[in-house]
Amino acid sequence: MPAIITPNKTDQDRKRHLEDHDNGAGRRPPTDKRTGGGGDNDNWSGGPSRRGPHERLNRYRMGIFFALASDLMFFVAIVSTFFVNQSTGHIDAYNHYINDWFPTTIPPILWLNTAVLLISSATMEFARRTMFQENDVMDEWLGLGKPITRRAIPWLSATIALGLLFLAGQWTAWKQLALQGVFFKTSQSSHFFYLITGVHAFHLFLGIAGLIAAFVGLYVSRQLENRQILVDCAAWYWHTMGILWIFLFTLLVFFQ
Amino acid sequence: MTALRRIISTDHRIIGIQYLLLALTSVAIGTTLSLVMRIHLVWPNWRLPLYGPILPEDYLALVTIHGTIMLFFVLTTAPQAGFSNLVLPAQIGARRMAFPAANAASFWLTAAALVVLSSSTFVPGGAPISGWTAYPPLSAVPSAGPGQGAGMDFWLASLALFAIASTISSINTLVTIIRLRCEGMTWERLPLTVWGWFTAALLSVIAFSVLLAAILLLFCDRHAGTSFFLPAGDLVNGVLHTVHGKGGGSPLLWLHLFWFFGHPEVYIAILPGLGVTSMLLANFSFRRVFAYRTMIVTTLMIGFLGILLWGHHMFVAGLNPFAASAFSISTMAIALPASAKVLSWLATTWRSRPSYKTPMLFSLGFVSLFIAGGLTGPILAQPILDEYLHNTFFVVAHFHLIMAMAAIFGLYAATYYWFPLMTGRLMSEVLGRWHFWLTLIGAYATFVPMHLAGLAGEPRHYAQLTGVPNAAGVMLARLVPLNRFITYSALFLATAQLLFLWNLARSLRRGSPASSNPWLATTLEWHPALNPFGQAAPDEPLAVHRSPCQYEITPSGELFLPQWAPDTLADTTGEVTFDTKPE
Amino acid sequence: MPGLFAVTSLLSLLPADASAHGPALDRQLLLSLWIVLALFALAHIILLVGLVARRHSAQRSIWHVEYVPLLALAVLFAVLTIRAERLWAATRYTGASLTALQVEVTGVQFSWYFRYPGTDATFGRTQPQLVAPGEGNPLGIDPADPHSADDMISSQLVLPAGREVDLAIRSQDVIHGFSVPEMRLKQNAVPGETIHIHFTPTATGTYAILCTQVCGMGHYRMNANLRVVTPPDFDHWLAQREKAAQP
């Protein structure tokens, strides 16, 4: 190893990233030692100081949090429609109250898909944690190879593969239902089966796109912090989609 | 920067200007549509130039596009995304918004949504006729009316794009406010304008997704053979919808989903205006905002309660009468935080001999119009009275006074106020004064008589008042003189806005130069270092030392203490006079 | 927000009250309007006085300026709400009495049909598949049902004064709004549902029935006449129509 450690090239690209680590104090230490310069007098928010190595990461995490909150409301709307339609009957011409809800049988492959998705969450979490192991972070930041990235890539690839497997499994489930003559418009419950699994699959597809972006970013991005953010945010999105799937799956299996 | 780079910019100021230009275009289109509507109501045989006579479906299409454009593309873009992009980062001491690329994306999505909406006029069948509320089955069955085919699909697509854009923009606003405040800018020192943007963004994040879900479900009903909103045995234009089998959908479900979004939407439109009015009244009265902490709490309360009220749009729609009572109580409850704000405004300006610059005039106009429009809320909140007044012009008067006038006055106040910050010039006071008075008179002249029309029973969405058969025709024909007066006032009101456009265009080039803080403001955006026309270098450390609106004579003889001025020894030892008891 | 008109002007604006619950509703409406007008005037007077008076910065208690007025407003709104809810409960919480006259109202693009059940006091079955306006069966009444034979359809709603009537409001296609301003009645007609409202017409006359939920291009002319006649006239009319319906 050469005795001289050359700083990472990215430090020289200061011009394009003016706001990095700069809350407005010009990268100087905070003048107000009590608050840590985070703008919170007496640290009323009670949490860790906003300055520090994870400042940008926390910003992106918060963005993902709000985006997921919004997405959750989307699913809440669809699930409430599910419950309303399930219990809405009508009075027919003979003055009988009729409720035509016939549950759609879940193709058994969905259980396998659920297991695949849960495993993919596990691999995703492994990938995410390798991005933050401190010793290796230090090495990578100093430019001594890319141990983090090297360790994260297999886990990330596994997650992408499992995600694609899940989507393939969902597609198979739809094909199996179609063979039985159950299509989107066959019955009220089939509307929801296809809609719920379809919308979730679309979100997962976006998640896989995010994972691929993270994967590409591991190679292309020149700042460790950016790579961490890409993987971390993709991971939180992925976990949420997994938990959401568990909820939706439970809905379809037990509440139809 | 190349021209393309300037247009597709991630600079928040440019994006803010883009949003405001989009809103300006939209308001011009929307106003023109409303004038065509009003003229047709009173002179039904009038032929629109280059088009011909206005048929009933044309009238309903005008109503639909007018409502959609105004509520979404003017009142959800300009106060929230438009002005917050311009001013929010500077007001909290941040260099930029949290996610600049997402910011640009949300603007271009909004612009695309506007293009799609405008295109709905030119597709076969024309623009949709189901109003901005798009109740199914009228909106779910393409054969239910002209424009309900491709036009309705375009409308749905436009709103879907808008919902996504708005959500992204709100996430940006939220993360910026939470994480990018500068040193010393605690939550309690945030200007009320920022609190308004914050609450509106929270509401957006919750509400727009529900609209998106509803749009998706409606789209499925229209094209994928589902029946989420179509009941069993629905017979439209001779076609029985048995393709959905015996399954029963519920049109009321759309109402619930839509209004769960729709009511927070109108609060999103007004919350920034409420905040900016408090701040501007304080600024020009050289006073603190009375009961600042209470104002923060009431902003959040209005946001929170606003999610619980949606049923008051559905009192006579088939809602369970017990639920109607519950919604009625929560609707009455929201009158209290709104009244608290009015009391604060009155107290802030009480015995203050303010400076009557144009932004102040428009803020005072906001107060007046908000009171006028808001007070009819408790009337409509009573289901027994709504049974008479629902979907009459009384409701139209109520929401136009608040949204079309008060919220617009807020936008005008903000424009006149922040114009010097953006351009280094002042808008003409003389033109501004004429604009204010003519607009205020026009606003009251147009919308107060609408209450009378509503009390007389005139329904909304009626394409004609004359030539209607039966006893209804007699009743409606009697209302034509009143409507004629409203139309004349509306034409007057719209013409008065030309003064604003003239003022805007003229002041860009020939407005008198402004100092770096012409209004003697205390909020951070007027800091010389943050002023694009200021002289200081942009790398100075920024810190905030006090709440805004500290207008008191300091021992060292200063008239006021801006948020950024450092504490000096003299300030802590001398006596300072307070306008209000410290809280 | 009504302008500075006298009470009599306001009263003349509101159409004549012709139902039993109408006067109470009008009283509540006028009370609310007066309160609102007074608050509007009060707020503006305070605003203008405050703007005109000389500058004076005194210490002001948040209790005096905010909380006490809010408390007063809360009490005022609570009183209004309680009165309103009682009126609402009286008309909507319970159904019609068992002796009420039954009429079925059906809204179609763009007309109203009114069906009387006939002497058996039972409506016949309807099927959407049987709807044939051109053949004189706009509601799709099923001839196989024995109760259908004496059903009578009218394009006017004719009611006897002084008797409670139970309207069953339905729609065939899209959401319509059944509204009779002079009876202070409004209820949306939702397809797939039958919604009941009840009222008692008091004054004879001809009144307008309007559609108040946008339902398509004919929305503005989707109206009908409500004729309230004396009970003997009503019986006479009903008997005549039923005889004509059965050859």
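The structure holds 16 salt bridges over all chains. A salt bridge here is a side-chain nitrogen of Lys or Arg within 4 Å of a carboxyl oxygen of Asp or Glu. Side chains of opposite charge can pair when their charged atoms come close. The model is predicted: local features need pLDDT of at least 70, side-chain atom pairs count only at pLDDT 80 or more, and totals for chains, interfaces and linings use all residues. Residues are numbered from 1 along each chain as its sequence is written, chains are lettered from A and ligands numbered from 1 in the order in which they are written, and side-chain values use heavy atoms, with hydrogens and water left out.

In chain A, Glu225(A) forms a salt bridge with Arg56(A), with the closest N and O atoms 3.5 Å apart. This pair links distant parts of the chain. Glu225(A) lies in helix H6 (residues 224-254) of chain A, Arg56(A) in helix H1 (residues 55-87) of chain A, and 169 residues separate them. Helices (H or I, at least four residues) and strands (E, at least two) are DSSP runs, numbered from the N terminus. Glu225(A) and Arg56(A) are buried. Buried means under 20% relative accessible area, exposed means over 50%, and partly exposed lies in between (1.4 Å probe, protein chains only).

In chain B, the side chains of Glu429(B) and Arg433(B) meet in a salt bridge at 3.5 Å, N to O. Both residues lie in helix H16 (residues 429-455) of chain B. They are 4 residues apart, about one turn of the helix. Glu429(B) has a relative accessible area of 23%, so it counts as partly exposed. Arg433(B), at 39% relative accessibility, is also partly exposed.

In chain C, Arg125(C) and Asp142(C) meet in a salt bridge at 3.0 Å, N to O. Both sit in the loop between strand E2 (111-116) and strand E3 (152-154) of chain C, 17 residues apart. Arg125(C) and Asp142(C) are both buried. Salt bridges that share partners also join Arg61(A), Glu125(A), Arg128(A), Arg129(A) and Asp232(A) into one network.

Chains B and C meet through 96 residues of chain B and 87 residues of chain C. Contact means heavy atoms within 4.5 Å. The two chains bury about 8,300 Å² between them, 66% of it on carbon and sulfur atoms. Buried area is the accessible area (1.4 Å probe) that two parts lose on being put together, summed over both. The count between chain B and chain C is 1 salt bridge. Arg92(C) pairs there with Glu387(B), the closest N and O atoms being 2.8 Å apart. On the side of chain B that touches chain C, the largest share, 9 residues, comes from helix H11 (residues 335-349) of chain B. That side divides into 63 nonpolar, 24 polar and 9 charged residues. Ala, Val, Leu, Ile, Met, Phe, Trp, Tyr, Cys and Pro count as nonpolar, Asp, Glu, Lys and Arg as charged, and the others, Gly among them, as polar.

Chain B is itself divided into domain 1 (1-273) and domain 2 (531-583). These bounds come from an automatic or database domain assignment. In chain B, 10 residues of domain 1 are in contact with 12 residues of domain 2. The two domains bury about 780 Å² between them, 52% of it on carbon and sulfur atoms. Arg95(B), Glu183(B) and Arg189(B) lose the most area on the domain 1 side, together 55% of what that side buries. Between these domains of chain B, the rule finds 0 salt bridges.
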